[in-house]
Amino acid sequence: MKIVQVKCPSCGTPIRMKNKESVFLCDNCGMMHTRNHGIERIDYEIAEFASGGAGERMYMPFWRLYCDFSIRSKNVEGGSFFRLAQWIKGDRDSGALFVFIPAFDISLEDFKILSTRLTLNPPHYRTTMNFGGVARIPVLLTKEEARELADFVVVTIEAEKPGVLQYLDYSLSVKDERIIYLPFVKTSSGPVLAI
């Protein structure tokens with residue numbers, strides 16, 4: 001098996017990785033890139049920790065997809081598309097939204113909880129330039145996989161209301177994507193968002 005040294009395409013610094021990951025992050029210049037279909041730069045943001053918060057700190061990565069969403073037709077009895085109506089910006093049946101996709105190893109149930117919670121209530125945060133020595137959870141999901149999961153999040157959001165959703169024909173178009181590292185603190189009940 002041939003082993004190739006990966007170097008940062010921006011500054012040429014060799015990149016050493018402790019864990020398997022779908023992205024490469026240069027410790028010298030901070031450039032993140034992938035090599036799935038040639039070298040591609042990945043935009044990312046690091047959210048700042050809120051002050052205080054006891055416990056072990058870590059950064060968990062999410063793909064944040066900026067999407068255009070449009071309902072082509074619908075047939076609803078017993079309610080309305082309450083969540084979607086709250087969620088999209090613009091007129092009632094179309095608009096733009098951010099869809100959050102956990103990019104790390106996670107159970108299906110926790111994936112549904114985190115993705116729908118963050119999509120319905122996008123976090124507000126200040127950004128920081130580096131991780132400040134805090135552990136960074138590896139990115140395991142590729143951009144292409146995150147795009148495919150965006151539809152799953154949309155359906156999950158409405159399908160969690162039993163007896164309401166009858167039929168929904170929609171289009172979801174991803175316009176932009178980036179990785180957002182959100183700060184979490186480990187607690188006895190699991191990781192808690194710390195912004």
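**Close-up views of a predicted model**

Figure 1. Val 6 is in contact with Thr 13, Pro 14, Ile 15, Phe 24, His 33 and Arg 35, leaving aside its neighbours within four places in sequence. The residue is placed in the segment before strand 1. Val 6 counts as buried because its relative accessibility is 16%, and the cut-off for buried is under 20%. From Val 6 to Arg 16 the C-alpha to C-alpha separation is 7.9 Å, with the two residues 10 apart in sequence.

Figure 2. Leu 25 has Met 32 in strand 2 as its bridge partner.

**Figure 3. The largest nonpolar core and a second, separate core.** The largest nonpolar core has 33 residues. Those with the most contacts inside this core are Trp 63, Leu 65, Val 99, Ile 101, Ile 179 and Tyr 181. Two or more residues of the core come from each of strand 5 (57–76), strand 6 (94–102), helix 3 (143–159) and strand 9 (165–187). The second core is separate and has 11 residues, including Met 60, Phe 62, Leu 118 and Phe 184.

**Figure 4. Contacts of Ile 179.** Ile 179 is one of the residues with the most contacts inside the largest nonpolar core. Residues up to four places away in sequence are not counted in this view. Ile 179 then touches Val 23, Met 32, Ile 42, Asp 43, Tyr 44, Glu 45, Pro 61, Phe 62, Trp 63 and Val 139. Of these residues, Trp 63 is also listed among those with the most contacts inside the largest core, Phe 62 is included in the second core, and Met 32 is the bridge partner of Leu 25.

**Figure 5. The network of salt bridges that links Asp 43, Glu 45 and Arg 178.** Side chains of opposite charge can pair when their charged atoms come close. Glu 45 and Arg 178 form a salt bridge in which the closest N and O atoms are 3.1 Å apart. This pair links distant parts of the chain, 133 residues apart, with Glu 45 in strand 4 (residues 44–47) and Arg 178 in strand 9. Glu 45 counts as buried because its relative accessibility is 18%.

**Figure 6. The salt bridge between Arg 136 and Glu 21.** The N to O distance between the two side chains is 2.7 Å. The partners are 115 residues apart and link distant parts of the chain: Arg 136 belongs to strand 8 (residues 135–136), and Glu 21 to the segment before strand 1. Arg 136 counts as partly exposed because its relative accessibility is 25%. Glu 21 is buried, with a relative accessible area of 16%.

**Figure 7. The salt bridge between Arg 126 and Glu 48.** The side chains meet at 3.0 Å, N to O. Both residues lie in loops, 78 residues apart: Arg 126 between helix 2 and strand 7 (127–128), and Glu 48 between strand 4 and strand 5. Arg 126 is exposed, with a relative accessible area of 63%. Glu 48 is partly exposed, its relative accessible area being 30%. The count of salt bridges in the model comes to 7.

**Figure 8. Thr 119 and the backbone of Phe 100.** Thr 119 lies in helix 2 (residues 108–120). Its relative accessibility is 1%, so Thr 119 counts as buried. The side chain of Thr 119 reaches the backbone nitrogen of Phe 100 at 3.1 Å.

**Figure 9. Overview of the protein chain for orientation.** The chain has 3 helices and 10 strands, which follow the pattern β-β-β-β-β-α-β-α-β-β-α-β-β along the sequence. Of its 195 residues, 39% are buried. The accessible surface is about 11,200 Å², and carbon and sulfur atoms account for 49% of that surface. Among contacts between residues at least 6 apart in sequence, 72% join residues at least 24 apart.

Conventions:
Residues numbered from 1 in each chain as written. Predicted model: local features only at pLDDT ≥ 70, side-chain atom pairs only at ≥ 80, totals over all residues. Heavy atoms only, no water. Helix = DSSP H or I, 4+ residues; strand = E, 2+ residues; numbered from the N terminus. Buried < 20%, exposed > 50% of the residue type's maximum accessible area, 1.4 Å probe, protein only. Polar contact = N/O pair within 3.5 Å; in protein donor to acceptor, adjacent residues only side chain to side chain. Core = buried A, V, L, I, M, F, W, Y, C linked by side-chain atoms within 4.5 Å. Contact = heavy atoms within 4.5 Å. Pairing = 2+ DSSP bridges. Areas by Shrake-Rupley, 256 points an atom, 1.4 Å probe, with all protein chains shown as cover. Salt bridge = Lys/Arg side-chain N within 4 Å of Asp/Glu carboxyl O.
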